[in-house]
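Hi,

Here is the structure I promised to pass along.

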Amino acid sequence: MTSPFSVPYSALAAEAALVKADLLRAVEGVLDSGRYILGPEVAAFEREFAAYCGAAHASGFSNGTDSMHLVLRGLGLGPTDEVITAPNSFVASAASIALAGGKTVFADIGDDGNIDPAAIEAAITPRTRAIAPVHLTGRPAKMKEIMAIADKHKLFVLEDAAQAVGAALEGKRMGSWGHAASFSLHPLKNLHAFGDGGVVTTSDAKLLAQLNQARNHGLANREQCDFFSFNCRLDELQAAMLRVQLTHLETWTEQRRTLARRYNELLRPYVDVPDEGPGEYCVWQTYVIRSDRRDELKKFLNDNGVEALVHYATPIHTQPAAKSLGYQPGDFPKTMRHVGRIISLPLYPTLTHAQQDRVVEVIARFHRNA
Ligand SMILES: *Cc1c(COP(=O)(O)O)cnc(C)c1O
């Protein structure tokens with residue numbers, strides 16, 4: 001498939017081509033094994049992924065929404081039980097709270113684009129049960145402050161780490177901060193399946209056992225069903241390919257980081273660029289610049305062969321699906337200002353300097369013309 005853009009937003013086929021022989025070998029191994037569901041590949045991927053994140057355990061899921069949903073469902077939330085999350089995320093962050101039977105409470109973001117710990121504190125009520133911070137764009141949320149708040153109020157913390165595999169704060173990787181963390185393995189995430197997948201990390205052995213059961217019909221063994229539940233398992237084929245991908249993740253992440261630094265240097269004269277905060281190791285699942293003339297600049301990029309997108313233009317509290325929560329757009333002023341200024345630029349390991357220079361040249365030309 002050829003893109004109409006000279007710099008497309010993603011290049012998944014080109015990335016797959018880099019490791020195609022290993023992927024095909026992994027697929028062949030599974031086909032030959034006759035084990036397709038909850039076999040040795042899923043178990044090995046879970047071990048390797050947990051170790052990568054610095055967590056004791058991992059549980060593979062069908063996707064990153066099911067994994068968040070089932071972690072929260074395990075808390076036994078009732079309709080008045082509140083879970084605090086960020087309004088500027090992908091809709092799945094809030095959806096998983098609603099699907100688990102709880103009430104979504106949003107808290108505004110800080111200058112880093114992630115949920116603001118002070119806003120979390122202000123949103124806590126006697127009915128608050130959990131906090132679900134999102135490490136948006138692959139930048140760690142303020143986990144030290146968030147864990148301190150959670151300790152003080154005895155709240156469960158589920159990291160939405162869908163965009164943040166490999167990201168770290170003060171040397172400690174995302175997925176090892178909260179009581180549990182959920183990762184998406186969707187093709188556009190930094191570590192991805194060739195289809196859908198998700199994974200939860202936790203260092204709580206009881207929670208792991210409960211999740212392993214919750215993803216598999218509530219079965220304790222072949223015969224005994226302890227609670228009715230869903231079928232949301234990661235499958236052997238995806239796990240086998242994910243194990244190949246995982247061995248390259250470190251290299252691909254460093255390539256992203258090098259390209260992000262280069263973008264930052266070249267674009268700083270024209271737009272607000274995403275700098276890392278102290279102690280942060282960001283993995284740039286999305287490379288997001290900010291401009292006061294967002295819509296014009298995005299159109300100019302698109303018209304000049306650069307596929308720029310916006311993640312996400314409509315904050316969740318203003319979605320039709322969130323109507324019953326009763327929020328007004330102006331309830332989160334920092335979120336509203338932020339989402340009106342953001343543009344996501346192409347950034348992936350196979351992006352060439354020539355393509356990157358092309359993006360920079362178009363942005364420079366936009367500002368010269370102004
Ligand atoms: C991708 C994503 C999800 C959902 O993951 P799926 O695997 O697509 O279900 C949840 N939260 C965030 C922040 C995401 O980016």
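Helix H4 (64–73) and helix H5 (92–99) each contribute at least two residues to the shell around the ligand. Please keep in mind that this is a predicted model. The ligand has 15 residues around it, and the closest are Gly64, Thr65, Asp160, Ser184 and Lys189.

Thr65 places a polar side-chain atom 2.5 Å from an oxygen atom of the ligand. For Asp160, a polar side-chain atom lies 2.8 Å from a nitrogen atom of the ligand, while an N or O atom in the side chain of Gln163 is 2.8 Å from a ligand oxygen atom. On its own the ligand would expose 380 Å², and the protein buries 92% of that. As for where the ligand sits, it is in the largest pocket.

The other thing I looked at was strand S9. Why is S9 largely enclosed by the rest of the structure? Because 5 of the 5 residues of this strand (residues 198–202) are buried. Side chains in a regular strand alternate between the two faces of the sheet. In S9, Gly198, Val200 and Thr202 point one way, Val199 and Thr201 point the other way, and all are buried.

S9 also has pairing partners. Strand S1 (residues 57–61) pairs with S9 in the antiparallel sense over 5 bridges, with His57 having Thr202 as its bridge partner in S9. Strand S8 (residues 180–184) also runs antiparallel to S9, joined by 4 bridges, and here Phe183 stands opposite Val199.

Best wishes

Terms used: Residues are numbered from 1 along each chain as its sequence is written. This is a predicted model: local features need pLDDT of at least 70, side-chain atom pairs count only at pLDDT 80 or more; totals for chains, interfaces and linings use all residues. Side-chain values use heavy atoms; hydrogens and water are left out. Buried means under 20% relative accessible area, exposed over 50%, partly exposed in between (1.4 Å probe, protein chains only). Two strands pair if DSSP finds at least two bridges between them. A residue is near a molecule or strand if one of its heavy atoms lies within 4 Å of it. A polar contact is a pair of N or O atoms within 3.5 Å; within protein, one must be able to donate a hydrogen and the other to accept it, and residues adjacent in sequence count only if both atoms are side-chain atoms. Accessible areas come from the Shrake-Rupley method with a 1.4 Å probe; for residues, only the protein chains shown count as cover. On a 1 Å grid over the protein atoms alone, a cavity is a set of points where a 1.4 Å probe fits but cannot get out, and a pocket is an open set with protein on both sides within 12 Å along at least five of seven lines; lining residues have an atom within 4 Å of a point. A molecule sits in a cavity or pocket if more than half of its atoms lie within 2 Å of its grid points.
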